[in-house]
Amino acid sequence: MRLLELRNINKSYKINDSQSFQVLKNINVSFDKGELVSIIGESGSGKSTIMNLIGGLDSQFDGELLVDGQNIGTFSEKELDCYRKDQIGFVFQNCNLIPHLSILDNVTIALTLSNVDKNERIEKATKALEQVGLAKHIHKKPNQLSGGQRQRVAIARALINDPEIILADEPTGALDSETTEQVLDIIQSIAQKGKLVIMVTHSEKVAAHSSRVIQILDGEIIKDTTQSVSDCSSTLENNIKQSTPKVSENLSFFSATKLAAHNMKQKLKRNILVALGVSIGIMSVVTMLALGNGIKSYFSNMIDSFMNPLVVEVSMEQATIDPNDPMSAMTAIGMKEPFKEENLKELSEIKGVKEVEKGFQYITMTPSNSISYGDTSCYLMGLTSMSSVLTEANLAEGKLPSAENEILLNQSVYDELGHDVLGQVVEVDALIDNQPIKGEFVVSGVYTAGDHNALADTNHSIYVNYSAIESLLAEQGHTLEPTMVYLVADDENTASQIKTTITDLGYGGSTQEMMGDQMLTMLNILTIVLAGIAGISLLVSSIMILVVLYISVVERTKEIGLLRAIGARSKDIKRIFVSEAFLIGITSGTIGLVTAYVVSIVVNYFSMQIFEMNVMNLTIPYCVVGVLLSTIVSMIAGLFPAQKAAKLDPVDSLRTE
Ligand code: ADP
Ligand code: MG
């Protein structure tokens, strides 16, 4: 069995819909190990085309192309990739070294593609470079070498995977006569070691170095002569080693990322700019989320600070608050349906309820309620019954009412009436259930909602005993019906169970809680909208990634072609570009987070000064979301250029200038 056999090979290029051009016509030829074959012929006669077919770069042909008896025309994409990687070594006229990689890396790249371990890679590459006499130059970049040296690097690269067949397409075409000699010597010695070397050349002199010369004219072999060459073929037979089938691995994701990182270093400024762009998007999304979260937790705290955790407030109905009409919330709170006896009974029977307290909460915008102390008086917006909801913690001054006629003022009423009102008698005029009442009370203390709730301290409210109002109304023959009920529980768990039960029974929860829920819902919507708007900048930056990677694909077309020629699968190419996108994503995510963190510190510093609160709450989950988002968005944006790169035809890519 011959090592390489071409049987009835025909190949045409389609020029347009109706015309095609036949490049190769019925080629029948075979080759053995240890041969050094020169293919000569005029430019355009089809030499490179044959090489590309043999090299597995182009599988569009008719006929059979047998390597070790296997027809590579029937190979799958994957098998072809392996074939190129393991059995073929390519040397091109213009070296095609990757300019930004060192000599060593240029040679090891084929091993990197096979996921060979680093030490082994370096060892093999160093050996190959020694073979071509370049051991001293391994750390240089290609542009620091002469043309001949570069071509020797390309030969070392072709040898690295120990292929059976070396294809050299005009390897000396760009060299002067002296370096041509050096390169030819090396090529000759490769054949002597038992490889099949096929070399395309223009020069008769170069052809004279080979053991066989094949002449091509217009796609046909017109001459095939074997010639004896001086020192060739002596060591040939005994040096031929039994070829062992190789199973090589593929490019690992880690190596792809390293290659990508290397590529990106070349265009560092450009990549940093892109990463900055993306990071702005990430920063804004994370900032908005943190801001929403901060404000929400501020309000939650505020609402909680109203509450005694052991007391469950109940109102008659689950108030329906129309989000389009903010005043409906007020109306719902101000005019509540009273509880009936059976309701109170039902509530008292709920498991865990220790005590049922009757209460009311009147909130009015009209000046129907007022309080006066001596000559000063002020309107009351809130008139609320005392209950277990209020604890010592809610006292700014004085004590909780103990006698029936004692009341609490809130901070704003206290300020309005003057601070000497504490312990003094005040007069309250109010309209309750459409009944005007008038009564004298003693101020026992001042209510505060605590640090979290400036609002509750600024609207004019007082807290009166339920029984006091009840008896004032009774004097006029009117019965007070409770509009609020407070259920006292033993512990917080029971309290939250009770809360669920009352909702199931169809009662409404506490006023503050309802308003709070309403507010939180609105804040949630606002946060999402803000984050969404910020997300648009992310979209813009992802398009930027897309464009930059597209440009990169175009710039590196030749490099991609070369990588394919030395055995990179289209998957590997894709992987390299996706890795680049991944790196941009993770970098920008990190930059974005750091910026968001700095912003949060600054914003919180000022908000602390002004509102005494941290408006931004940057939590770990948001950071994770930020980096993930940035990585995913970048990788999605990178997918299209990567796909384009992966789909490039190796022969076409190599031909680009
Ligand atoms: P050479 O012997 O100079 O290496 P090639 O094998 O590169 O010649 O090309 C052989 C012929 O095929 C040329 O006439 C060239 O114009 C033609 N050819 C090569 N590639 C294509 C292509 N992609 N489409 C159409 N014609 C092509
Ligand atoms: Mg050519």
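Which element gives the most to the shell around ligand 1? Helix H1 does, with three residues. This is a predicted model, in which local features need pLDDT of at least 70, side-chain atom pairs count only at pLDDT 80 or more, and totals for chains, interfaces and linings use all residues. Residues are numbered from 1 along each chain as its sequence is written, chains are lettered from A and ligands numbered from 1 in the order in which they are written, and side-chain values use heavy atoms, without hydrogens and water.

**Ligand 1**
- Among the residues surrounding ligand 1 are Tyr13, Phe21, Lys47 and Arg655, each with a heavy atom within 4 Å of the ligand.
- The shell divides into three nonpolar, six polar and three charged residues; Gly counts as polar, and Tyr as nonpolar.
- An oxygen atom of ligand 1 lies 2.7 Å from an N or O atom in the Ser48 side chain.
- A nitrogen atom of ligand 1 is 3.3 Å from an N or O atom in the Arg655 side chain.
- The protein buries 69% of the 570 Å² that ligand 1 exposes when taken alone (Shrake-Rupley method, 1.4 Å probe).
- Strand E2 (20-31) and helix H1 (47-54) each give two or more residues to the shell.

**The protein chain**
- The chain holds 21 helices and 22 strands (DSSP runs of at least four residues for helices and at least two for strands).
- Its radius of gyration is 43 Å, well over the 26 Å that the globule rule gives for 657 residues, so the chain is more spread out than a compact globule. The radius is taken over C-alpha atoms, and the rule is 2.2 Å times the number of residues to the power 0.38.
- The C-alpha trace spans about 135 × 45 × 45 Å along its principal axes.

Methods
A polar contact is a pair of N or O atoms within 3.5 Å; within protein, one must be able to donate a hydrogen and the other to accept it, and residues adjacent in sequence count only if both atoms are side-chain atoms.
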